[in-house]
Amino acid sequence: MKSIRLDRSILFLLIIFTVLLVTGAVLIFSMKTDPLQESLSQDSLLKVLVVIEHEKMPVSSHILAYYPGSNRAAMFDIPGETGLILKSLGRVDRIDAVFAEKGIRNYKTEIEGITGISVPFYLTATLDNFARLTDLVGGLEVFIPTPVDTVSGSERVLLPSGAVTLDGDKVISYMTYTDSLDQEGESAARKQRAVLAFFKKLNDNSSKVFSDRIFPVLSSCLESNVPEKSKKDLLAELSRIDAERLVPQRVTGSLREVDGKELLFPFYDGQLLKDIVRQTLGGLASEVAGAQERIYALEILNGTRKQGLARKTSELYQSFGYDVIAVRNADTAEYEETVLIDRIGNDAVSKSIAQVIQCENIQTASLESFEGEDPGSFGTEASVDFTIILGKDFDGRYVR
């Protein structure tokens, strides 16, 4: 009898333990939050690292920062040859070496380090899978300014000019070909346009691609660090990006050879890149959106006796995504103070441009602002949006 009572007691305790265990599991599961929604609740910007890779090496790497409130976004290209001290590898090397040796998570961590921001999510696809995704959405629409007929490696690349729709095979050619006639940054720009075209096509075909029948096929071509349901939500958010108002940006720097490899070291020991990212992301969520509505044309005049100052400053502004169309000496030999001349009457944009070099001397294009001066001293008014004249108070990075 005692043995029976003991067995019943043990059974009763086991039942209680099982109930508690199941109840605890249910509570934990119910309290588990969607990582995408949790991230958006803590930060109004959605930040995603998008990597297209081939044979374990990145073909393109971009940080997409998206503000759902306005559908505006920023896109930062991270060149594979970017050089720095890689903590995960313990040496100076190309940043894409981390992806090859340590994988996407360590790669994301290194990119977070050089940009100075947290990037919670990633999406990766092989080049072949990106071609498959392209065909799934019915091709990608891109604009090619001039016909392409070139030999890249062992392949002859033929692409028509104009607004064209490329299938998967053509998209691979478009993203990977190199041409000696390309302007600086053009190869990276093609990859950016292809990625943006993909997200736009997702939105155009949302009822189809996000259906229960098609999405599992699409999802199988993309790896991510979010669950399947969150992956669908993530892609749906990114598909709403207003690509027309997005100004792609890229890492700029100086090329140096290290251990037989040509590496791109970001300007100012990487601080410039952090400044670019911080200012750009700050502008996305601000109420004043004018500074990122389009690419603004600048001319930069050297009003000092320092050789090469305007050229170096033009590289600085190009890093921030501006189009510098003229670099030359000012007609007046020396200016005491740096001045930014607003030729389009946009106060918000002029302040954003001036902030790059911490210039507080902002003037309008009205010649009354420059009484007694020769109008020719202030650049070519008809062809640019803003003129920057560098003075003695400019040290090459900031106005002091």
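This is a predicted model: local features need pLDDT of at least 70, side-chain atom pairs count only at pLDDT 80 or more; totals for chains, interfaces and linings use all residues.
**The five-stranded sheet**

An open sheet with mixed pairing is built from five strands in the order β16-β15-β19-β17-β18. Its edges are formed by β16 (323–329) and β18 (362–364), each of which pairs on one side only, and the twist from one strand to the next averages 20°. Strand β15, which covers residues 297–302, runs parallel to β16 and is joined to that strand by six bridges; within this pairing, Asn 302 stands opposite Asn 329 of β16. Helix α12, residues 309–319, packs on the sheet and touches β15, β16 and β19 (386–390), while the direction of the helix makes about 155° with that of β15.

**Strand β6 and its partners**

Which strands pair with β6, and in what sense? With β1, the pairing is parallel and extends over six bridges, and the bridge partner of Val 48 in β6 is Phe 121. With β11, residues 223–224, the pairing is antiparallel and consists of two bridges, and here Thr 124 has Glu 223 of β11 as its bridge partner. Strand β6 itself, residues 121–126, is mostly covered, since five of its six residues are buried. In general terms, the strands of a sheet pair through backbone hydrogen bonds, in either the parallel or the antiparallel sense.

| Pocket | Volume |
|---|---|
| Largest pocket | about 1,200 Å³ |
| Second largest pocket | about 730 Å³ |

The largest pocket is lined by 31 residues, and those nearest its centre are Ala 189, Gln 192, Arg 193, Pro 248 and Ile 295. Two or more lining residues are given to the largest pocket by each of β7 (140–144), α7 (186–204), β12 (248–250) and β16, with the largest share, nine residues, coming from α7. Sorted by class, the lining of the largest pocket holds twelve nonpolar, six polar and 13 charged residues.

The second largest pocket has a lining of 34 residues, of which Asp 77, Pro 79, Glu 81, Ala 188 and Leu 264 are the closest to its centre. The elements that give two or more residues to the lining of the second largest pocket are β2, α7, β13 (253–258), β14 and α12; of the contributions to this lining, that of β2 is the greatest, with five residues. By class, the lining of the second largest pocket divides into eleven nonpolar, eleven polar and twelve charged residues.

**Two loop residues with positive phi**

Lys 56, a residue other than glycine, has a positive phi near 65°, and the loop in which Lys 56 lies runs between β1 (46–54) and β2 (57–67). Is Lys 56 buried or exposed? Lys 56 counts as exposed because its relative accessibility is 59%, which is over the 50% cut-off.

Tyr 268, likewise a residue other than glycine, has a positive phi near 55°, and Tyr 268 lies in the loop between β14 (261–266) and α11 (271–284). At 42% relative accessibility, Tyr 268 counts as partly exposed, a class that lies between the cut-offs of 20% and 50%.

Conventions: Residues are numbered from 1 along each chain as its sequence is written. Side-chain values use heavy atoms; hydrogens and water are left out. Helices (H or I, at least four residues) and strands (E, at least two) are DSSP runs, numbered from the N terminus. Buried means under 20% relative accessible area, exposed over 50%, partly exposed in between (1.4 Å probe, protein chains only). Two strands pair if DSSP finds at least two bridges between them. Axes are lines fitted to C-alpha atoms, for helices over the stretch in contact, and angles run from 0 to 180 degrees between N-to-C directions. Contact means heavy atoms within 4.5 Å. On a 1 Å grid over the protein atoms alone, a cavity is a set of points where a 1.4 Å probe fits but cannot get out, and a pocket is an open set with protein on both sides within 12 Å along at least five of seven lines; lining residues have an atom within 4 Å of a point. Grid points are joined across faces, edges and corners, and a volume is the space filled by probe spheres set on the points. Ala, Val, Leu, Ile, Met, Phe, Trp, Tyr, Cys and Pro count as nonpolar, Asp, Glu, Lys and Arg as charged, and the others, Gly among them, as polar.
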